[in-house]
Amino acid sequence: MVLLALGGCSHFSGGTAGGRVSETGKASYYADVFQNRKTANGERYRHDVLSAAHRTLPFGTRVRVTNLDNGKSVVVRINDRGPFVRGRVIDLSKSAFSRIGRVRDGLLPVRLQVLR
């Protein structure tokens with residue numbers, strides 16, 4: 001479902017950060033081949049929409065994703081399941097990824113904050 005395979009670690013904080021559940025790990029983005037394919041909730045994936053895949057968060061959950069290297073963040077809506085690669089915590093749409101990092105990097109260290 002994504003561009004690269006990489007082992008690593010993720011961390012989930014069962015507590016809250018400012019009243020929000022928080023998680024850290026690696027973010028990747030959807031490859032172009034997934035454009036217009038159905039996501040787990042039945043929507044079609046579009047690289048220009050700020051959406052993402054997460055293993056367990058409910059569909060429709062809004063999440064702030066912050067790049068730990070540069071502090072940039074983007075808010076996405078969960079509409080798919082994944083990533084299924086160890087150490088990755090979220091798969092972002094290409095446009096969401098490009099707002100917080102360079103697509104050519106492929107992976108970013110991120111912190112997730114559940115907004116609702």
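What share of the 116 residues of the protein chain counts as buried? It's 41%, where buried means under 20% relative accessible area, exposed means over 50% and partly exposed lies in between (1.4 Å probe, protein chains only). Keep in mind that this is a predicted model, so local features need pLDDT of at least 70 and side-chain atom pairs count only at pLDDT 80 or more, while totals for chains, interfaces and linings use all residues. Residues are numbered from 1 along each chain as its sequence is written, and side-chain values use heavy atoms, with hydrogens and water left out.

Now for the overall layout. The protein chain has 1 helix and 7 strands, taken as DSSP runs numbered from the N terminus (H or I of at least four residues for helices, E of at least two for strands). Along the sequence they read β-β-β-β-β-β-α-β. Of the contacts (heavy atoms within 4.5 Å) between residues at least 6 apart in sequence, 70% join residues at least 24 apart. The chain exposes about 6,000 Å², and carbon and sulfur atoms supply 49% of that; the areas come from the Shrake-Rupley method with a 1.4 Å probe.

Let's zoom in on strand β6, residues 88-92, where 5 of 5 residues are buried. Strand β3 (residues 51-53) runs antiparallel to β6, joined by 2 bridges; strands pair if DSSP finds at least two bridges between them. Ala 52 has Leu 92 of β6 as its bridge partner.

Helix α1 spans residues 94-100 and includes Ser 95. Ser 95 counts as buried because its relative accessibility is 16%. Leaving aside residues up to four places away in sequence, Ser 95 touches His 47, Asp 48, Val 49 and Leu 50.
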